[in-house]
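Let's take a walk through this fold together, from its overall layout to a few of its local details. Keep the viewer open as you read.

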Amino acid sequence: MSVEDGGVPGLARPRQARWTLLLFLSTAMYGAHAPFLALCHVDGRVPFRPSSAVLLTELTKLLLCAFSLLVGWQTWPQGMPPWRQAVPFALSALLYGANNNLVIYLQRYMDPSTYQVLSNLKIGSTALLYCLCLGHRLSARQGLALLLLMAAGACYASGGFQEPVNTLPGPASAAGAHPMPLHITPLGLLLLILYCLISGLSSVYTELIMKRQRLPLALQNLFLYTFGVILNFGLYAGSGPGPGFLEGFSGWAVLVVLNQAVNGLLMSAVMKHGSSITRLFIVSCSLVVNAVLSAVLLQLQLTAIFFLAALLIGLAVCLYYGSP
């Protein structure tokens, strides 16, 4: 299995086993994010400032990278590395920051269901930029697999699970009877296209600089998350009045921060040793984890559409990674 196919060439069995474990862990942690975040809700809303949670996540990743270098888990390069190699990661942090904020602004110009369905276009934009910027070519079989991933994401977002039927009259049943109508404005469509392009560009660009530099991954992450902390601190400071920095944090909120931090580090390993396409499959496969945890923790009911989406994801994996 080649790097472009999502594996690492020439791996001995123990290293291949660690790579497989990394993929499974990253998929599980990515899928757990939304259910864990839902468990943080108090009276239907997140009780803490999202900007403070993002800043804490970036800071946690930065501290974990520094710790791994200090204790020798990854070897510090001989001599002082030229700090100009840190400069390219500023653009990565900026692209990720812009993308995270676009997600928030998009909700003003479309309903959540429309966003969830159309945001799967970022699979296509990532694949396109992966081919254009990195010079890789996808076969017709691999292209079909990515189309199936987009279809699976759209199916899942359009009705992969539902809330239990509420037979009692009241506000809850009234809200369920009158869901937000589907809508999208012209500006929302333009922002969505921009979001998909930035999402693909941030992934492909980060992969490019991580593979070109002969530096340990922990040091590259140190560069990336230093810029991430600076950027998100600025966003937090400029977010206006609101709850205090740690106000509203619960045990579930701490778990969300730790889950996001560790998964961010796992994803960086995927980008360095795998590819942006591997990341797409992780994100898509995490929908299955998301649905199962939502059913167990939030008592949501899986629908037939979920099983169709899971089938499409399985077919996509077989098409992309299976033998012709």
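**A guided walk through the chain**

Let's begin in the loop between α11 (276-297) and β2 (301-302), where Gln299 is found. Gln299 is not a glycine, yet it has a positive phi of about 55°. For context, most residues other than glycine have a negative phi.

A word on the ground rules: this is a predicted model, in which local features need pLDDT of at least 70 and side-chain atom pairs count only at pLDDT 80 or more, while totals for chains, interfaces and linings use all residues. Residues are numbered from 1 along each chain as its sequence is written, and side-chain values use heavy atoms, with hydrogens and water left out.

Stepping back, the chain has twelve helices and two strands; helices (H or I, at least four residues) and strands (E, at least two) are DSSP runs, numbered from the N terminus. Read from the N terminus on, the elements run α-α-α-α-α-α-β-α-α-α-α-α-β-α. Of the 324 residues of the chain, 42% count as buried. Buried here means under 20% relative accessible area, exposed means over 50%, and partly exposed lies in between (1.4 Å probe, protein chains only).

Now turn to helix α2 (residues 50-70), which holds both Lys61 and Glu58. Their side chains meet in a salt bridge, 2.9 Å from N to O; the term requires a side-chain nitrogen of Lys or Arg within 4 Å of a carboxyl oxygen of Asp or Glu. The two residues are separated by about one helical turn because they are three residues apart in the helix. Lys61 is buried, at 9% relative accessible area, and Glu58 also counts as buried, at 13%.

How many salt bridges does a search of the whole structure find? The search finds two. In the other pair, Lys211 joins Glu207, with the closest N and O atoms 2.8 Å apart. These residues sit four apart in helix α8 (residues 186-212), so about one helical turn separates them. Here Lys211 is partly exposed, with a relative accessible area of 33%, whereas Glu207 is buried at 1%.

Helix α8 also contains Leu197, which is partly exposed at 44% relative accessibility. Leu197 belongs to a nonpolar patch on the surface, together with Ile184, Leu187, Leu189, Leu190 and Ile193. Together the patch residues have about 520 Å² of accessible area, calculated by the Shrake-Rupley method with a 1.4 Å probe, where for residues only the protein chains shown count as cover. Patches are made of residues with over 30% relative accessible area and no salt bridge; like charges are joined within 9 Å and nonpolar side chains (Val, Leu, Ile, Met, Phe, Trp, Tyr) within 5 Å.

Helix α3 (residues 88-106) is our next stop, with Leu102 in it. Leu102 is buried, at 11% relative accessible area. Leu102 and Leu194 are 92 residues apart in sequence and 8.7 Å apart in space, C-alpha to C-alpha. Tyr105, also found in helix α3, is partly exposed at 40%.

Finally, return to α2 and look at helix α10 (residues 251-273): their axes come within 9 Å and cross at roughly 50°.

Notes. Axes are lines fitted to C-alpha atoms, for helices over the stretch in contact, and angles run from 0 to 180 degrees between N-to-C directions.
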